[in-house]
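Open the model in your viewer and keep the sequence panel beside it. This tour says what to select next and what is there.

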Amino acid sequence: MSAAPLPPPRDLSRRTFLQAGLAAGAAAAGAAWTPADAASPQVLNYLSWPGNADPYLIEAFEKAHGVKVRIKEYVGGDQMMAVINQSPPGSFDVVLADAEYMHLLHEADFIEALDPADYPLKDYWPEFQRFPLHWFDGKLYGVMTDFGYLGLSYNTKAFTPKEVASYAALWSEKAKGKVGLFDWYLPSMGSISLANGNRPPFDIDKARFEAVKKKLFSLKPQASGFYTIADIFSSMTNGRAQLVPGIGEWITLGLRQNGVPVDTIIPEEGGLQWTESLSIVKGTPKRDLARKFIQYTTSPEGQVRMATKADNKKSIPSMAGWKLLNETKPKEAEILRMTLKGPNVMDEYKAKKIQFRQLPSKQSIEDWNDAWSQFKSL
């Protein structure tokens, strides 16, 4: 398939971000999934986080193959697992999942093994060509589409980069009542675990877990509140939250481009990497179409679209995608730190400052969720 010209992304505004990236179906008006779509050979059924059926992302694929992409949106990996578990086989053809849920999808036999030769993995940065969370028993089950880093986001008028160089800033007198918490245990507690010196942060024994809980609970006097994604935007905009652990440029970049004085830093204790991946759902009668969709999304053109979607800009793993981005959208490449010369987004990874966001390995998900609930109720 020849690459279609890349249309300019829509103008970015906070309202557009919230409506398009977070409201169910708003970014993909007219593309909502229904069970009746499952059997149609002219429909690709897509289970995904919101916003990924935006025409900017999928229109070229639809035109090239004479199909429509219909999206069923979820918010959070637990909801994704529930949807796929409750849906008859063949309901979905592809699923976009956070990499830490890949092993659950595999263990539940919800996704198919993929042939690595079908996908442009050799175009990827070497660090991502055999991404460990995608391989089980030597077989590939997911292909990375995009990623980003989570660290400490902060108000640049209230704090200097030096003041937020460590997660210790969260407990400073200056931060009292100004620490916003993203209301999801995994990135928030992962950051606290990093602050406690745990590398990796999610593979910790009972004693270290108890220490993380104690550290977490000690943060309560500093907290301004617990926020949904939409609430984080408003709280960082109005200054109610001046420090937020466990979020990243996927939030602060859009705000900063709209004049909000915020930035994200990876503290000296390290940060987390979130990773989104596409898989073929077991039972689909449209494996060939699903394979072509993953190939399109991981092609240089598809990767540039993923990186430059107006309401949710992301880092991409494809070096060929980086090359096309620099050729066609050099200013975007600079903003996204995906330039081919000089410092870029891979620097933190190569410096070993980044740990994968994963599900807890020595405790249950319920153990971590319970600790988070206790913290909120203090």
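Which residues are linked with Glu100 in a network of salt bridges? Select Asp98, Glu100 and Arg357: these three make up the network. A salt bridge here is a side-chain nitrogen of Lys or Arg within 4 Å of a carboxyl oxygen of Asp or Glu.

Before going on, note that this is a predicted model, in which local features need pLDDT of at least 70 and side-chain atom pairs count only at pLDDT 80 or more, while totals for chains, interfaces and linings use all residues. Residues are numbered from 1 along each chain as its sequence is written, and side-chain values use heavy atoms, with hydrogens and water left out.

**Stop 1: salt bridges**

Stay on Glu100 and Arg357, whose closest N and O atoms are 2.7 Å apart. Glu100 sits in the loop between strand E3 (94-98) and helix H4 (102-107), and Arg357 in the loop between strand E12 (354-356) and H14, so the pair links parts of the chain 257 residues apart. Helices (H or I, at least four residues) and strands (E, at least two) are DSSP runs, numbered from the N terminus. Glu100 is buried at 3% relative accessible area, and Arg357 is buried at 6%. Buried means under 20% relative accessible area, exposed means over 50%, and partly exposed lies in between (1.4 Å probe, protein chains only).

Next select Arg287 and Glu112, which form a salt bridge of 2.7 Å, N to O. Arg287 belongs to helix H9 (residues 287-297), while Glu112 is in the loop between H4 and strand E4 (135-136), 175 residues away in the chain.

Now go to helix H11 (residues 319-328) and pick Glu327 and Lys323. Their side chains meet in a salt bridge of 2.6 Å, N to O. The two are 4 residues apart in the helix, which means about one helical turn separates them. An α-helix has 3.6 residues a turn, so residues three or four places apart point the same way. By the rule above, the salt bridges number 19.

**Stop 2: strand E6**

Select strand E6, residues 143-155, where 13 of 13 residues are buried. Val143, in this strand, has 1% relative accessibility.

Which strands pair with E6, and in what sense? Two strands pair if DSSP finds at least two bridges between them.

- Strand E11 (residues 271-280) is antiparallel to E6 over 7 bridges; Asp146 stands opposite Glu276.
- Strand E9 (residues 243-248) is antiparallel to E6 over 5 bridges; Tyr154 stands opposite Leu243.
- Strand E10 (residues 262-265) is antiparallel to E6 over 4 bridges; Ser153 has Thr264 as its bridge partner.

**Stop 3: strands E1 and E2**

Strand E1 (residues 43-48) runs parallel to E2, joined by 6 bridges. Ser48 stands opposite Glu73 in E2. Colour the two faces of E2 (residues 68-73): Val69, Ile71 and Glu73 are on the covered face, and Lys68, Arg70 and Lys72 on the uncovered one.

**Stop 4: helix H7**

In helix H7 (residues 229-238), the buried residues include Ile229, Ile232 and Phe233.
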